[in-house]
Each structure stands twice: as structure tokens, then as C-alpha cells.
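Please prepare a briefing on the structure shown below.

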Amino acid sequence: MKNISERRTWNTPLREPWNPVIKHCLNAIDNHIALFIETGDPWHFCQAEKLRVYVADLKNWIIEQEGKTKNGI
């Protein structure tokens, strides 16, 4: 089985350092949603939403930066 970086053909030097950050944020979102479902504590739902916004903003910034350079290099 290929590791995750071998499967990602769209990876660029600009994206490389952000991939682990995005992955950890997505895992944190999953954890917060699980805890929200388990406990009903709305704080977890709010934290998950903040992380979703952050990840979306980060991905948009990466795309903008890649547009300013040649293929993110």
C-alpha cells in the first residue's frame, strides 16, 4: 500500500508543510463532533465549526498563493 504522500500527485512545495496541519485539524473536528454527540456539550460543536472555517480559509490561501507562483513552486 502506498503512503499518503505517494498517493497525492497534486502535492507541491507550498502545500507540503500544510498537509499535516490540515490532517490534524480534520482529526480534531472529528473528535469534537464525537464528543458533541456523546455529551451534548455545544462547546465541542462550536470548536469543530471554528476548525472547519480555519481549514477552509487555509486551503483558499494556499490556492491563492499557488496562483501567484508557478504551480506552488
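Is W61 buried, partly exposed or exposed? With a relative accessible area of 34%, W61 is partly exposed, where buried means under 20% relative accessible area, exposed over 50%, and partly exposed in between (1.4 Å probe, protein chains only). The model is predicted: local features need pLDDT of at least 70 and side-chain atom pairs count only at pLDDT 80 or more, whereas totals for chains, interfaces and linings use all residues. Residues are numbered from 1 along each chain as its sequence is written, and side-chain values use heavy atoms, with hydrogens and water left out.

**Overall architecture**

- The protein contains three helices and zero strands; helices (H or I, at least four residues) and strands (E, at least two) are DSSP runs, numbered from the N terminus.
- Along the sequence, the pattern reads α-α-α.
- Of the 73 residues in the protein, 21% are buried.
- Among contacts (heavy atoms within 4.5 Å) between residues at least 6 apart in sequence, 55% join residues at least 24 apart.

**Helix α3**

- Helix α3 spans residues 42-68, a run of 27 residues.
- From its first C-alpha to its last, α3 reaches 40 Å, close to the 39 Å expected at 1.5 Å a residue; the expected span is 1.5 Å times one less than the number of residues.
- The N-terminal end of α3 is capped by D41, which places a side-chain oxygen 2.9 Å from the backbone nitrogen of W43.
- The buried residues in α3 are H44, Q47, A48, V55, L58, I62 and E66.
- Helix α2 (19-39) is included in what covers these buried residues of α3.

**Aromatic pairs**

- Rings of Phe, Tyr and Trp (its six-membered ring) pair if their centres lie within 6.5 Å; planes under 30 degrees apart count as stacked, over 60 as edge-to-face and the rest as tilted.
- This rule gives a count of two aromatic pairs.
- W18 and W61 form an edge-to-face pair, at 6.0 Å centre to centre and with 75 degrees between the planes.
- That pair links distant parts of the chain, since W18 lies in the loop between α1 (4-7) and α2 while W61 belongs to helix α3, 43 residues apart.
- W18 is partly exposed, at a relative accessible area of 26%.
- The rings of F36 and F45 have centres 5.2 Å apart and planes at 50 degrees, so this pair is tilted.
- Both partners are partly exposed: F36 has a relative accessible area of 28%, and F45 has one of 39%.

**Cysteines**

- The structure holds zero disulfides, a disulfide being a pair of cysteine sulfur atoms within 2.5 Å.
- C25 is buried, at 10% relative accessible area, whereas C46 is partly exposed at 42% relative accessibility.

**Individual residues**

- N19 lies in helix α2 and is buried, with a relative accessible area of 13%.
- The side chain of N19 makes a polar contact with the side chain of N11 at 2.9 Å; a polar contact is a pair of N or O atoms within 3.5 Å, and within protein one must be able to donate a hydrogen and the other to accept it, while residues adjacent in sequence count only if both atoms are side-chain atoms.
- T69 is found in the segment after α3 and is partly exposed, with a relative accessible area of 37%.
- T69 and L14 are 55 residues apart in sequence and 9.6 Å apart in space, C-alpha to C-alpha.
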